[in-house]
Amino acid sequence: APEHGESIEVCGLKLTAWYTPGHAVHHIAWMVEPADNQSPHERVLFTGDVAGVKINGGLVAPPCPPPDINVEDWLASIRLMQELPLEQLYLTHFGLEDEKTAHLKALEDRLLRWAAWMQPYAERQDPVESIVPLFQAYVAEELEQHGIDEAGRKRYEAANPAFMSVAGLMRYWKKKLS
């Protein structure tokens, strides 16, 4: 396993491992650039899930499945990605993001809103199965407010199921509140 910030050269490319926990404790984002590069314009970051889900230019949503969601670690990873000398992110779900700063700010805001939305349910220890339809409705309303049609909302639900985020965020709050 590479160390945080360790680079590996392969076929004229330099790949640098950046540990980015929050979505998962073991998560790594990979910065890729030509081995002889000096320009941030030629660097990209393959983010995995830590930079969220964004479909067809829609809103960015944090995938929060259990077991490892940690909001504070995720915020630190967002700051790290903001500070890296590059301009482009490649999201696992889905594709190239050219507006790194705005994208990561929107991700941070939504992550904090989702965590805050979930906190009262966690404090009351409501059962996950009772929260899922409420959270699905909350997410669907957010998507609709951003102009995402029903087909788009179904794509978001397939890529980032609300029930998984409920389970992950409830587990986060259970650990944090105990």
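**Reading pockets, core and backbone in a predicted model**

Tutor: Helix α5 (residues 162-177) gives the largest share of the lining of the largest pocket, namely five residues. This is a predicted model, in which local features need pLDDT of at least 70 and side-chain atom pairs count only at pLDDT 80 or more, while totals for chains, interfaces and linings use all residues. Residues are numbered from 1 along each chain as its sequence is written, and side-chain values use heavy atoms, with hydrogens and water left out.

Student: What volume does the largest pocket have, and by which residues is it lined?

Tutor: A pocket is an open set of points on a 1 Å grid over the protein atoms alone where a 1.4 Å probe fits, with protein on both sides within 12 Å along at least five of seven lines; lining residues have an atom within 4 Å of a point. Its volume is the space filled by probe spheres set on the points. Here the volume is about 200 Å³. A122, Q125, D126, V128, M170, R171, W173, K174, L177 and S178 form the lining. By class, five of these residues are nonpolar, two polar and three charged (Asp, Glu, Lys and Arg count as charged; Ala, Val, Leu, Ile, Met, Phe, Trp, Tyr, Cys and Pro as nonpolar; the others as polar).

Student: Which elements give two or more residues to the lining of the second largest pocket?

Tutor: Elements are DSSP runs: helices of at least four residues (H or I) and strands of at least two (E), numbered from the N terminus. For the second largest pocket these elements are α3 (128-145) and α4 (150-159), and α3 contributes the most, with five residues. This pocket has a volume of about 150 Å³, and its lining includes W114, Q136, R153 and Y156. The lining divides into seven nonpolar, two polar and three charged residues.

Student: Which residues touch the most other members of the largest nonpolar core?

Tutor: A nonpolar core is a set of buried Ala, Val, Leu, Ile, Met, Phe, Trp, Tyr and Cys residues joined through side-chain atoms within 4.5 Å. In this core of 45 residues, they are L45, W74, M118 and F135. Among the elements that each supply at least two residues are β4 (44-53), α1 (71-83) and α2 (100-124). The largest share, nine residues, belongs to α2. Beyond its neighbours within four places in sequence, F135 contacts W114, W117, M118, A162, S165 and V166 (contact means heavy atoms within 4.5 Å).

Student: Why does K54 count as buried?

Tutor: Buried means under 20% relative accessible area, exposed over 50%, and partly exposed in between (1.4 Å probe, protein chains only). K54 counts as buried because its relative accessibility is 17%. K54 is placed in the loop between β4 and α1. The K54 side chain makes a polar contact of 2.9 Å with that of E97 (N or O atoms within 3.5 Å, one able to donate a hydrogen and the other to accept it; residues adjacent in sequence count only if both atoms are side-chain atoms). Not counting residues up to four places away in sequence, K54 also touches H93, F94 and Y156, among others.

Student: Which peptide bonds are cis?

Tutor: The bond from P66 to P67 is cis, with omega near 10 degrees, and so is that from H93 to F94, with omega near 0 degrees. P67 lies in the loop between β4 and α1, whereas F94 lies in the loop between β5 and β6 (95-97).

Student: Is Q125 buried or exposed?

Tutor: Q125 is exposed, with a relative accessible area of 69%. Q125 has a positive phi of about 60 degrees although it is not a glycine, and its place is in the loop between α2 and α3.
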